[in-house]
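Let's take a walk through a protein model together. Keep the 3D view open while you read.

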Amino acid sequence: MKKLIASALLFASVATPAMAQDAVPFSGPYIGGVVGLDHFDFTADNHDSALMYGGVIGYDINVNGAVFGLEGEYSDSDVKEGLARTDRDLYAGVRVGGEVLPNVLLYAKGGYTNARLESAVDSDDNVKLDGYRLGAGVETTVQGFIARAEYRYSSYERVAGSKPERHQAALILGYRF
């Protein structure tokens, strides 16, 4: 009988955290795919737009409806202007938001971004750009699945007399564990 009670208590202690996590939306680790529109301004006069795609991974903590999180992203696009084209874009940052309705989160984000531009002529002539990203979006969750729509602005360091900028509209679909 003691073994049965001990087994039941052990099972309850393991199962309770999982049930509590399911009851708190926007909390825990997540992974997702990113797709959207990437508009890259090489200079004030030279810009182009193309499809953006990639992946995101992160972790959020929900404290009474206030959500704080960390995330990282890898994305790419095929924006071209003259002899240059965009390559991968790496991002690491924070996210802060609040539940405005049940299962609906509004958030702002910001952090470090590093983009790479490739030369269409010489593959040894690539340029890496450091900068910052700011963004805002809305997220919803249903049984662990997440859907986000967000806008992001990235500003990069000055290179060759110009200051590249990036505007992105992204849709993120994923799963929270």
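Before we start, one definition: two strands count as paired if DSSP finds at least two bridges between them. Also keep in mind that this is a predicted model.

Start with strand β7 (residues 127-142) and strand β8 (residues 145-156), which pair in the antiparallel sense over 12 bridges. Look across that pairing and you'll see G137 standing opposite E150 in β8. The hairpin of β7 and β8 has 2 residues between the strands, and there Q143 takes a positive phi near 50°. Now move on to strand β9 (residues 165-176): β8 and β9 run antiparallel too, joined by 11 bridges. Here S154 faces R166 in β9.

Next, the charges. Side chains of opposite charge can pair when their charged atoms come close. The structure holds 17 salt bridges, so let's visit a few.

One of them joins R85 and E118, with the closest N and O atoms 3.0 Å apart. R85 sits in strand β5 (residues 84-101) and E118 in strand β6 (residues 104-119), 33 residues apart. With a relative accessible area of 33%, R85 is partly exposed.

R133 forms a salt bridge with D89, and their closest N and O atoms are 2.7 Å apart. Because R133 lies in strand β7 and D89 in strand β5, the pair ties together parts that are 44 residues apart in sequence. Are these two buried or exposed? Both R133 and D89 are buried.

Finally, R176 and E139 meet in a salt bridge (3.1 Å, N to O). R176 belongs to strand β9 and E139 to strand β7, so this pair ties together parts 37 residues apart in sequence. R176 counts as buried at 6% relative accessibility, and E139 is buried with a relative accessible area of 1%.

Note on methods
Residues are numbered from 1 along each chain as its sequence is written. This is a predicted model: local features need pLDDT of at least 70, side-chain atom pairs count only at pLDDT 80 or more; totals for chains, interfaces and linings use all residues. Side-chain values use heavy atoms; hydrogens and water are left out. Helices (H or I, at least four residues) and strands (E, at least two) are DSSP runs, numbered from the N terminus. A salt bridge is a side-chain nitrogen of Lys or Arg within 4 Å of a carboxyl oxygen of Asp or Glu. Buried means under 20% relative accessible area, exposed over 50%, partly exposed in between (1.4 Å probe, protein chains only).
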